Structures are given as C-alpha cells and as structure tokens.
Amino acid sequence: MNHCKVIVIDTTKHSFALHGTDANGGTVFNKTLTRAKVLPFLSTQAPCTVALECCGGSHYWGRAIRALGHNVKLIPANYVKPFVKRQKNDANDAAAVAEAASRASMRFVAVKTRDT
C-alpha cells in the first residue's frame, strides 16, 4: 500500500468511511470500518494528516488519533458542503472532506481538550 499523505474519516453511528490520498491527491484507498477497528487501523499507518468533519464526537476522535502520532485537522461542516460532488453518502462525504483538507486556504478547528 502506498504511503498516505491525508486520511479522511467520515464518522457515523456504527461504521466510519475512510478515504486515503497520496501526495499527488490520488486515491490510495476507500474503506468502511466499524468504530472498534478505526484506531487499530490508524495505528498501522505511518504518521500523516487525518482530517475529520467537525461534529460532536470529532474532538474525542481527534484526541485519540493525535495520541497515535498523527496530525489531526477538523473542518467545519459548512466548509465541506461545497466539495460534495454527487449524492450524499459516507464515501462521497469522505472524498469531499479530503478535497477540502487539501486546500491551502482552508480554516480548521482546534481539537478541544477534555476540560474545554
């Protein structure tokens, strides 16, 4: 498997859609994992940027993923919406977050600590 520059996670209740891109923006993988398998999968990946759409649980996931050595970027949902190209589903949402995360002018949200 090629080295991923950015891994995007679209969180849902039961399963997460993951989209990995390389340095050229090409797709390395698209996969769906259950909650229990996300952190073990990310622990096998080389340190890279992991982007998530900002929501209630994204700060928890951001802290857990950062503990694995990855750089975490949270993107507000209203900044991702313009990048959705097709019908709304988890895989397309993950691809849209990857596109948004690759923009140099994108604004990100800081991961909150447990106390804030």
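Which residues point one way from E1, and which the other way? Val-6, Val-8 and Asp-10 point one way, while Ile-7 and Ile-9 point the other way, and all are buried. Buried here means under 20% relative accessible area, with exposed over 50% and partly exposed in between, using a 1.4 Å probe and protein chains only. In a regular strand the side chains alternate between the two faces of the sheet.

Some ground rules. This is a predicted model, where local features need pLDDT of at least 70, side-chain atom pairs count only at pLDDT 80 or more, and totals for chains, interfaces and linings use all residues. Residues are numbered from 1 along each chain as its sequence is written, and side-chain values use heavy atoms, with hydrogens and water left out. Strands (E, at least two residues) and helices (H or I, at least four) are DSSP runs, numbered from the N terminus.

Back to E1, residues 6-10. Of its 5 residues, 5 are buried, so E1 is largely enclosed by the rest of the structure. E1 and E2 form a hairpin, with 4 residues between them. They pair in the antiparallel sense over 5 bridges. Pairing requires that DSSP finds at least two bridges between the strands. Asp-10 has Ala-17 as its bridge partner in E2.

E2 has another partner. Strand E3, residues 27-34, joins E2 through 7 bridges, and the two run antiparallel. Thr-21 has Thr-27 as its bridge partner in E3. The E2 and E3 hairpin has 5 residues between the strands, and Gly-25 takes a positive phi near 90° there.

Now the other neighbour of E1. That is E4, running parallel to E1 with 4 bridges. Val-8 stands opposite Ala-51 in E4. Ile-9 has Leu-52 as its bridge partner. E4 also runs parallel to E5, residues 71-75, with 5 bridges. Leu-52 stands opposite Leu-74 in E5.

Is E4 enclosed or open? It is largely enclosed by the rest of the structure, because 4 of its 5 residues are buried. Take Ala-51, which is in strand E4. Its relative accessible area is 0%, so Ala-51 is buried. Setting aside neighbours within four places in sequence, Ala-51 is in contact with Ile-7, Val-8, Ile-9, Lys-73, Val-97 and Ala-101. Contact means heavy atoms within 4.5 Å. For a sense of distance, Ala-51 and Arg-86 are 35 residues apart in sequence and 20 Å apart in space, C-alpha to C-alpha.

Next, the crossover. E4, helix H2 (residues 58-66) and E5 make a right-handed β-α-β unit. Right-handed means that, with the strands pointing away from the viewer, the path from the first strand over the helix to the second runs clockwise.

Which residues of H2 are buried? Ser-58, His-59, Trp-61, Gly-62, Ala-64 and Ile-65. Their cover includes E1, E2, helix H1 (35-43), E4 and E5. His-59 has 11% relative accessibility, so it counts as buried. Beyond its neighbours within four places in sequence, His-59 is in contact with Cys-54, Leu-74, Val-109, Ala-110, Val-111 and Lys-112.

Last, the pockets. The search uses a 1 Å grid over the protein atoms alone; a pocket is an open set of points with protein on both sides within 12 Å along at least five of seven lines, and lining residues have an atom within 4 Å of a point. Points are joined across faces, edges and corners, and a volume is the space filled by probe spheres set on them.

The largest pocket has a volume of about 420 Å³. It is lined by 20 residues, with Thr-21, Gly-25, Ala-98, Glu-99 and Ser-102 nearest its centre. Helix H4 (90-101) and strand E2 (15-21) each supply at least two lining residues. H4 gives the most, with 6. By class, the lining has 7 nonpolar, 7 polar and 6 charged residues. Nonpolar covers Ala, Val, Leu, Ile, Met, Phe, Trp, Tyr, Cys and Pro; charged covers Asp, Glu, Lys and Arg; the others, Gly among them, are polar.

The second largest pocket holds about 270 Å³ of space. Of its 14 lining residues, Asp-10, Glu-53, Ala-77, Lys-88 and Asp-93 are the closest to its centre. Helix H3 (77-80) and H4 are the elements giving two or more residues to this lining. Here the classes are 5 nonpolar, 2 polar and 7 charged.

Methods: On a 1 Å grid over the protein atoms alone, a cavity is a set of points where a 1.4 Å probe fits but cannot get out, and a pocket is an open set with protein on both sides within 12 Å along at least five of seven lines; lining residues have an atom within 4 Å of a point.
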